[in-house]
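Colleague: Before I use the labels in your description, I would like to know what stands behind them. Can we go through them one at a time?

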Amino acid sequence: MNDQPIEILVLPERPAARNDEVTEFDIVVEVRCRAAEDADRTGGAMNLCLVIDRSGSMADQGKLEIAKRSCGDIFRRITGDDLFTVVVFDYETLVVINPQTPKAEVEERLNAIQPRGSTNLSLGWYQGLLELQSYMTENHYGRLILLSDGMANAGETKKAALAVVASRARDEGISTSTIGIGNDFQEDLLEAIASASGGRFWYISETGIDNILEEEFRGALSVVVDRPRVELTLPPGVSMSQELNSLRKVPRRSRYALRPLKGQDTFNFAVRLQIDPTRLDGEEFTIGAVLYDDSRQVAAADQVVALAPLAEVVATPVHALVQSVVEQYRAETTDEKLLDDLESGDLSGMKQMLTAEIARVRQAEFAVGGQAAAIGVGRMGVEMGNLRQQRQMNETSLLIGDLVEEYLDEPEVKRLVNVWRKSRMHEGARKQQRWHAVSEADEDVEITLLVSALGVADALIPRFPANRADLETKRERLRERLASLA
């Protein structure tokens, strides 16, 4: 096992490609970070900004008070050259704390924040970006955490426009993680901002704010590669056939832009190559991959692939991790279709899609488990946990779809579909950004969804007495599912 703190690997689908005709060949590029939990920070100093919604609804459930308390806890742990800013917004913005604020005034300023007004989400986020840019240096990496519980009812509300700004900020070294609280925020805007900037999109219930802010803060402290870029080197005779990933390419250099990498982290993506053996010299070829932090080279790897007759190629097993990553990319299409169907209320094809997706994930799980010795127990455990979370969310979605398909006009069901959509977007964003580790917050999303579905079942049973037996059976399945996750 390689003991380097940051390693890049090129994983071919098989050890050999065909030597008799032009074929397609999948590879996965994987970056593994193994920095010790207590290792000194290597990613430079942090320029952190928390942008907090202070609209009137944030007073409910003590959400704003929890956010204020978490801001104070984080400020007390800022050290060295780290910079700290807090911006609040409703229909206007206020910079509560910036790096020049006297330490003795921080707690007083935080305590003075009160809920008020509407939700101009874009204005608050833009102000946070501006504050970070004002204090950014070459030695800092920028992190913005945006927290909101309401619909963006003022300012810019087009997700494409916000994604463009997020992408530009990422090129300047600023990533944004977004936290949507409850069931009334605009998830498509928050997800677009996070995805385009290399951050994480979170969906949480009314509680758990402090846990997510803590997780984001700890993640920011452990950054080892702030602006990772991967460049592939292909020999003549090998060309790109299909991008099996949704990564953005950095202009001019055609390098894949990854999200920031943390101390204990795994990131991978797949591509499909076309191999023309008549244009290759010899009986093998080499694929190269280089990991950069912006323009600084961090790690490199070469993978030799043999050329062999068809009979020899098909006699070798497909690499299970390559199979898994490719299947997860294909699942993104399913995720997008499911979200569209939930938005339109057309669930007619959902059962078939989910059933097929569950079968593919199970196949990937079986393959990964069968190659434990080659993959490594630790790496296998991470992949199995990741796949299991994806499968479980699909299985839960099957149960909920079965419950609600005949009752979509009922008000409780409409609210449940809203929770369901946000839950799937949370999981879809985790997969798309290749966050392999599954946190308690990820698990809580599924549990919250099941609890909400049980409440809907309880409401439907007395309202539709003719369907009581069927609804009680579906409610019991939901209870069994929830019990299995506890």
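Predicted model: local features only at pLDDT ≥ 70, side-chain atom pairs only at ≥ 80, totals over all residues.

Colleague: Why are α12 and α13 called roughly antiparallel?

Modeller: The axes of α12 (residues 411–432) and α13 (residues 440–463) cross at roughly 165° and come within 10 Å. Angles over 145 degrees count as roughly antiparallel, and therefore α12 and α13 are described in that way. Their crossing is left-handed.

Colleague: Which residues make that contact?

Modeller: On the α12 side they include Pro411, Leu416, Trp420 and Arg430, and on the α13 side they include Asp442, Leu449, Ala453 and Arg463. By class, the contact of α12 with α13 has eleven nonpolar, three polar and four charged residues.

Colleague: What makes α11 roughly antiparallel to α12?

Modeller: The axis of α11 (residues 377–404) crosses that of α12 at roughly 165°, and the two come within 11 Å. The cut-off is over 145 degrees, so α11 is roughly antiparallel to α12. This crossing, too, is left-handed. From α11 the contact draws on residues including Gln389, Met393, Ile400 and Val404, and from α12 on residues including Val413, Leu416, Trp420 and Lys431. Six nonpolar, seven polar and four charged residues make up the contact of α11 with α12.

Colleague: How do you know that α8 and α9 are roughly antiparallel to each other?

Modeller: The test is again an angle over 145 degrees. The axes of α8 (residues 320–344) and α9 (residues 350–370) cross at roughly 165° and come within 10 Å, and α8 and α9 are therefore roughly antiparallel. The crossing of α8 past α9 is left-handed. Among the residues that meet are Ala320, Glu327, Thr334 and Leu342 in α8 and Met350, Glu357, Arg360 and Val368 in α9. They divide into ten nonpolar, four polar and five charged for the contact as a whole.

Colleague: What makes α5 mostly covered?

Modeller: Nine of the eleven residues of α5 (residues 187–197) are buried. Among these are Glu187, Leu190, Ile193 and Ser197. The buried residues of α5 pack against α3 (121–135), β7 (140–148), α4 (159–171), β8 (174–181), β9 (201–204) and α12. Glycine 198, with a positive phi near 80°, follows α5.

Colleague: Which residues have the most contacts inside the largest nonpolar core?

Modeller: They are Trp125, Leu144, Leu146, Phe201, Ile400, Val404 and Trp420, in a core of 53 residues. α13 provides the largest share of this core, nine residues. Neighbours within four places in sequence aside, isoleucine 400 is in contact with Leu416, Trp420, Leu449, Ala453 and Leu478. There is also a second, separate core of 34 residues, which includes Met58, Ile66, Val96 and Val223.

Colleague: Why is aspartate 90 counted as buried?

Modeller: The label applies under 20% relative accessible area. Aspartate 90 is at 0%, so it counts as buried. Aspartate 90 is placed in the loop between β5 (83–89) and β6 (93–97). Beyond neighbours within four places in sequence, its contacts are Arg54, Ser55, Arg116, Gly117, Ser118, Thr119 and Asn120. The C-alpha atoms of aspartate 90 and arginine 54 are separated by 5.6 Å, although the two are 36 residues apart along the chain.

Colleague: Why is proline 465 called exposed?

Modeller: Exposed requires over 50%. Proline 465 has a relative accessible area of 59%, so it is exposed. Its place is the loop between α13 and α14 (468–485). The C-alpha atoms of proline 465 and glutamine 100, which are 365 residues apart along the chain, are separated by 65 Å.

Colleague: What is the phi of aspartate 294, and what is that of arginine 434?

Modeller: Most residues other than glycine have a negative phi. Aspartate 294 has a positive phi of about 60°, and the phi of arginine 434 is positive, near 60°. Aspartate 294 lies in the loop between β17 (284–293) and β18 (296–308), while arginine 434 is in the loop between α12 and α13.

Colleague: Are those two residues buried, partly exposed or exposed?

Modeller: Aspartate 294 is at 35% relative accessibility and so counts as partly exposed, lying between the cut-offs of 20% and 50%. Arginine 434 is at 9% and therefore counts as buried.

Key. Residues numbered from 1 in each chain as written. Heavy atoms only, no water. Axes fitted to C-alpha atoms, helices over the stretch in contact; angles between N-to-C directions. Helix = DSSP H or I, 4+ residues; strand = E, 2+ residues; numbered from the N terminus. Parallel < 35°, antiparallel > 145°, perpendicular 65-115°, else oblique. Left-handed = near helix turned anticlockwise from the far one by under 90°. Contact = heavy atoms within 4.5 Å. Nonpolar A, V, L, I, M, F, W, Y, C, P; charged D, E, K, R; others polar. Buried < 20%, exposed > 50% of the residue type's maximum accessible area, 1.4 Å probe, protein only. Core = buried A, V, L, I, M, F, W, Y, C linked by side-chain atoms within 4.5 Å.
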